Amino acid sequence: MTEKRPVLVATEADDITADMVITELNRREVPVVRFNPVDIGEDLTVSARFGTCPAPVAGQVRTPSRTADLAHVRSVYWRRPEWPSFPHLAPNDSRFATAQVRYGLGGILYAFDSPLWANHPLRIAAADYKPAQLSLAQQLGFTVPPTLVTNDPVEACQFIRTQGDAIFKTLRWTPYTREGVPVTGWADPVTADEIDDSVRVTPHLFQARVDKVADLRVLIVGRHTFAVRIDSELLDWRKDYSALTYTVEHLPDRVDKALHAYLDHLELVSGSFDLAVDRAGDYWWLELNPNGQWGWLETETGLPMSAAFADLLMQGDNR
């Protein structure tokens, strides 16, 4: 029987990946309190006290079925929580209420001193800037595709013509609908003829296309590395999962160490990396998702990813 310090899991209602980790923690008899910030006021209650006891923060997080003592939280798995937007309120009231939840509930959670976070939301946010990712990757010795981030259409045209074969990528995935239909931003080919003055509205990311033969999704959990080769004919393999084949990959030691150093620099304990493999077998940096999906890869390969997350969360020490 393990000691009864709970693991907090913050995520949306339907999260198969979180379910896999929770199942593993349940198997090990580790108490889990799962919650979603969007449920505040209905199925989520928080209460915290400061300056009234020896602990930096004391109080509780309560759901209809579970209660966590804030002074004894072992670790926090910050997966894909949803923040409330209060659409039933007037716009000013909605903005006010939304801010109070983010800075109230968020502030209580951020006040934790000793629990391990996987990952801390402030660290996730800081790690999610693609231009900064590219800069750090180059500093750590990764081969980075020539990339331009600009809102200057003249520079964009010049860059695309110089590269000959270029792609466009969004700087941040954002929920988006067009005529009521959800759409997403893929990595897509782009030509100079497609560039017009609308580029001036926001920065755009243009990148030389890597002459790749395969992609790699690398999940790091603590000191564990799980690398999966994804073979397809697609520029962006996320477009069609049915067209993919998977092979467990063993990374060169220098690449593995560089990926761990990358996370250490950003103060993250886990992350999902995307790399490309070219015809010479060399690895190219693409990007890091500090809170990426991996559950389907465990199903496809049998790699013990959820067990590694359970090990990490059971450790429960931010040092």
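Helices (H or I, at least four residues) and strands (E, at least two) are DSSP runs, numbered from the N terminus. Thr17 lies in one of them, helix H1.

The model is predicted, so local features need pLDDT of at least 70 and side-chain atom pairs count only at pLDDT 80 or more, while totals for chains, interfaces and linings use all residues. Residues are numbered from 1 along each chain as its sequence is written, and side-chain values use heavy atoms, with hydrogens and water left out.

Contact means heavy atoms within 4.5 Å. Apart from neighbours within four places in sequence, Thr17 touches Tyr77, Arg79, Gln293, Trp294 and Gly295. With Gln293, the side chain of Thr17 makes a polar contact of 3.3 Å. A polar contact is a pair of N or O atoms within 3.5 Å; within protein, one must be able to donate a hydrogen and the other to accept it, and residues adjacent in sequence count only if both atoms are side-chain atoms.

How does one describe two packed helices? The angle between their axes and the distance between the axes are used. H1 (residues 16-27) packs with helix H8 (residues 305-315) at about 60°, the axes being 8 Å apart. Axes are lines fitted to C-alpha atoms, for helices over the stretch in contact, and angles run from 0 to 180 degrees between N-to-C directions. On the H1 side, Met20, Val21, Glu24 and Leu25 take part; they meet Ser306, Ala307, Phe309, Ala310, Leu313 and Met314 in H8.

Arg27 also lies in H1. The C-alpha atoms of Arg27 and Ala310 are separated by 10.0 Å, although these residues are 283 residues apart along the chain.

**A five-stranded sheet**

In which order do the strands of the open sheet stand? The order is E16-E15-E14-E17-E18, with antiparallel pairing. Two strands pair if DSSP finds at least two bridges between them. E16 (245-249) and E18 (283-289) are at the edges with a single partner strand each, so one side of each has no neighbour in the sheet. Neighbouring strands are turned by 25° against each other on average, direction ignored.

Seven bridges link E14 to E15, and Leu216 stands opposite Arg229 in E15. These two strands form a hairpin with two residues between them, and Gly222 in the turn has a positive phi of about 60°. Five bridges join E15 (residues 224-231) to E16. Across from residues of E16, Ala227 faces Glu249 and Ile230 faces Tyr246.

Helix H6 (residues 253-266) lies across E14 (212-221), E15, E17 (270-278) and E18, and runs at about 140° to E17.

**Accessibility and loops**

| Residue | Relative accessible area | Class |
|---|---|---|
| Arg27 | 59% | exposed |
| Glu29 | 41% | partly exposed |
| Glu267 | 53% | exposed |

Glu29 is in the loop between H1 and strand E2 (32-35), and its phi is near 60°, a positive value in a residue other than glycine. Glu267, in the loop between H6 and E17, likewise has a positive phi near 60°. Finally, a cis peptide bond with omega of about -10° joins Ala118 and Asn119. Asn119 sits in the loop between strand E7 (116-118) and helix H3 (121-127).

Conventions
Buried means under 20% relative accessible area, exposed over 50%, partly exposed in between (1.4 Å probe, protein chains only).
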